[in-house]
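Please have the sequence and the structure open while reading.

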Amino acid sequence: MKEIVVSGIRSTGNLHLGNYYGALRNFISMQDEYNCYFFIADYHSLTTHPDPTQLNPNVKSILAEYLAAGLDPEKSSIYIQSDVPEVCELFTLLNMHAYVGELERTVSFKEKIRKQPENVNAGLLTYPVLMAADILQHKANLVPVGKDQLQHLEMTRKYARRFNTIYGVELFPEPDAYKFKGEPIKIPGLDGSGKMGKSEGNCIYLNDEDKVLSKKVMRAVTDQGPTEMNQQKPDVIENLFTLMKVVSTSDTYNHFDELYNKCEIRYGDMKKQLAADILKVTAPIRDRYQDIIKDSDYLNKVAKLGAEKARESSAKTLKEVREVMGFRSFK
């Protein structure tokens, strides 16, 4: 039997180039090798400032982008978190063995309450437990996670181990972090500050129009240019070259690298080439997205199919959990 992989993405905004190269391309390649569950985490998004006018459009957009990028609903279970009510019951049951102290010590909780001190809700505190339920409901063996989620995965392992120990069973496997083949690709932002991210406002989105994308790239932060032959590139320039290494041919990258080392580079020319090469990657995805987002019947069909697959798996696990915990018919 194939190992089970579970991964989710919050339904807050569109997918960007960092999402695509950081995980999504790997997800696409995993579909033939693993039993994959990919979900849109709309419950998780409610821990910030929920907007009922944006929740549904955001979920629809993320689903369309998943499909446009290459996730196949015939190969993987692609579903919306809130379409699987079993996860909420498992979340409740796992909460009975999650302790306030350990939840308060999580890095993500401390960071969130720092960023939104006016909205420190219980959902923020118990976020790792819901994430554990997302994973354990399918008895996942592997979870693709970034560094910022490693602590949550370790807590999932802890809750699986704790449940098994308390009830004397081997119900839940302790999932491992899935290690992508090769070195992980970290896509830098356009502002020179580091990683590309929605909250930083430095993203190139997969469905950005040509003019919007080109304008973003042309505004990317640079410096006055090199003053010495073969000098080390500062971070803001290294970021541009990192992007070029990912989306451009090696000949293109080497051409501009040589110009930089000879103090002959024109950043405007480099940015134009970089924008053109990014468009080669994103334009086909964006075109497919435009077709898919208009087809609500197809999106509903995909969501329904994914929910049926996910609920079948989740319901089986939940039935076992309830039995182990003593929820059963009278005899």
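## Basis

A polar contact is a pair of N or O atoms within 3.5 Å; within protein, one of the two must be able to donate a hydrogen and the other to accept it. The model described here is predicted.

## Glu65 in helix α3

Helix α3 covers residues 52-69 and includes E65. E65 has a relative accessibility of 1%, so it counts as buried, the cut-off being under 20%. The side chain of E65 reaches a backbone atom, the nitrogen of L15, at 2.9 Å.

Neighbours within four places in sequence are set aside in what follows. On that basis, the contacts of E65 are N14, L15, L206, N207 and Y289.

## Glu102 in helix α5

E102 is found in helix α5, which spans residues 100-104. With a relative accessible area of 9%, E102 is buried. A polar atom of the E102 side chain lies 3.0 Å from the backbone nitrogen of Y99. The side chain of E102 also makes a polar contact with the side chain of Y159, at 3.5 Å.

When neighbours within four places in sequence are left aside, E102 is in contact with H97, M155, K158, Y159 and R162. Y159, the side-chain partner at 3.5 Å, is therefore one of the residues on that contact list, because contact means heavy atoms within 4.5 Å.

## Helix α8

Helix α8 runs over residues 127-136, and ten of its ten residues are buried, so the helix is largely enclosed by the rest of the structure. The buried residues are Y127, P128, V129, L130, M131, A132, A133, D134, I135 and L136.

## The second largest pocket

The second largest pocket holds about 200 Å³ of space. Its lining consists of L55, N56, V59, K60, L63, I80, S296, L299, N300 and A303. By type, six of the lining residues are nonpolar, three are polar and one is charged.

Which helices each supply at least two residues of this lining? They are α3 and α14, the latter covering 296-325. The most comes from α3, which gives five residues to the lining of the pocket. Helix α3 is also where the buried E65 lies.

Definitions and conventions
Residues are numbered from 1 along each chain as its sequence is written. This is a predicted model: local features need pLDDT of at least 70, side-chain atom pairs count only at pLDDT 80 or more; totals for chains, interfaces and linings use all residues. Side-chain values use heavy atoms; hydrogens and water are left out. Buried means under 20% relative accessible area, exposed over 50%, partly exposed in between (1.4 Å probe, protein chains only). Helices (H or I, at least four residues) and strands (E, at least two) are DSSP runs, numbered from the N terminus. On a 1 Å grid over the protein atoms alone, a cavity is a set of points where a 1.4 Å probe fits but cannot get out, and a pocket is an open set with protein on both sides within 12 Å along at least five of seven lines; lining residues have an atom within 4 Å of a point. Grid points are joined across faces, edges and corners, and a volume is the space filled by probe spheres set on the points. Ala, Val, Leu, Ile, Met, Phe, Trp, Tyr, Cys and Pro count as nonpolar, Asp, Glu, Lys and Arg as charged, and the others, Gly among them, as polar.
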